[in-house]
Amino acid sequence: MAKTHICLSFIILLYIISGSFMRVNAQGQKEWCVAKPSSSTEELFNNLNYACSIIDCQIISKGGACYSLDNLYNLASVAMNLYYQAAGRHYWNCNFGNSGLIAITDPSYGNCIYEFRK
């Protein structure tokens, strides 16, 4: 009987400890918002215009680190991520009419560093 209580206590302890670790990992996950590769040009323009009407998009303006006139996908993704980060990183802030997705791999490239706010 005593062995059963010890085993049960040990299992409960493991459950509690593993639950704490799992929460720490989930909260520590970095996330960025980017445009879905299947997004249309119209969707990308709409997302870019919407995000930049609310947040500062100087980084994608001429002379900015992420300026790329020939790559609308990257411009929209940077703007969408800026909005997502500024709005508190809630999944619904990356929806953009179902044309955004949350990435867990840093999408930064070259001198273009995608913002991440804790």
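## Basis of the model

The model is predicted: local features need pLDDT of at least 70, side-chain atom pairs count only at pLDDT 80 or more, and totals for chains, interfaces and linings use all residues. Residues are numbered from 1 along each chain as its sequence is written, and side-chain values use heavy atoms, with hydrogens and water left out.

## Overall architecture

The chain contains 3 helices and 2 strands. Helices (H or I, at least four residues) and strands (E, at least two) are DSSP runs, numbered from the N terminus. Their order along the sequence is α-β-α-α-β.

Of the 118 residues in the chain, 30% are buried. Buried means under 20% relative accessible area, exposed means over 50%, and partly exposed lies in between (1.4 Å probe, protein chains only). The accessible surface of the chain is about 8,000 Å², with 60% of that belonging to carbon and sulfur atoms. Accessible areas come from the Shrake-Rupley method with a 1.4 Å probe, and for residues only the protein chains shown count as cover.

Contacts are heavy atoms within 4.5 Å. Among contacts in the chain with a separation of 6 or more, 73% are accounted for by residues 24 or more positions apart.

## Helix H2

Helix H2 covers residues 41-54; at 1.5 Å a residue its 14 residues should span 20 Å, and the end C-alpha atoms are 20 Å apart, which agrees. The expected span is 1.5 Å times one less than the number of residues in the helix. The buried residues in H2 are Leu44, Asn47, Leu48 and Ala51. Seen down the axis of H2, the buried residues fall within an arc of 100 degrees, so they line one face of the helix. The arc is that of the directions from the helix axis to the C-beta atoms. An α-helix has 3.6 residues a turn, so residues three or four places apart point the same way.

The face of H2 turned away from the buried side carries the exposed residues Glu42, Asn49 and Ser53. Strand E1 (32-35) and helix H3 (72-86) are included in what covers the buried residues of H2. Asn46 also lies in H2 and counts as partly exposed at 45% relative accessibility. Its C-alpha atom is separated by 9.7 Å from that of Gly97, 51 residues apart along the chain.

## Helix H3

In H3, 13 of the 15 residues are buried, so this helix is largely enclosed by the rest of the structure. At 1.5 Å a residue, the 15 residues of H3 should span 21 Å, and its end C-alpha atoms are 21 Å apart, which agrees. Just after H3, Gly88 takes a positive phi of about 105 degrees.

Leu75 is in H3 and is buried at 10% relative accessibility. Not counting residues up to four places away in sequence, Leu75 touches Leu48, Ile60, Cys66, Tyr67 and Ser68. The C-alpha atoms of Leu75 and Leu44 are 8.5 Å from each other, with the two residues 31 residues apart along the chain. Ala79 is also found in H3, and at 0% relative accessibility it counts as buried. With the exclusion of residues up to four places away in sequence, Ala79 touches Leu48, Ala51, Cys52, Ile55, Cys57 and Ile60.

## The loop between H3 and E2

Asn93 lies in the loop between H3 and E2. This residue is buried, with a relative accessible area of 10%. Not counting residues up to four places away in sequence, Asn93 touches Tyr83, Tyr84 and Ala87.

## Surface patch and salt bridge

Tyr91, Trp92 and Ile102 form a nonpolar surface patch with about 370 Å² of accessible area together. Patches are made of residues with over 30% relative accessible area and no salt bridge; like charges are joined within 9 Å, and nonpolar side chains (Val, Leu, Ile, Met, Phe, Trp, Tyr) within 5 Å. Ile102 sits in strand E2 (residues 100-103) and is partly exposed at 32% relative accessibility.

The structure holds 1 salt bridge, a term for a side-chain nitrogen of Lys or Arg within 4 Å of a carboxyl oxygen of Asp or Glu. Arg117 forms a salt bridge with Glu115, with the closest N and O atoms 2.3 Å apart. Arg117 is partly exposed at 38% relative accessibility, and Glu115 is partly exposed at 26%. Glu115 and Ala79 are 36 residues apart in sequence and 10.0 Å apart in space, C-alpha to C-alpha.
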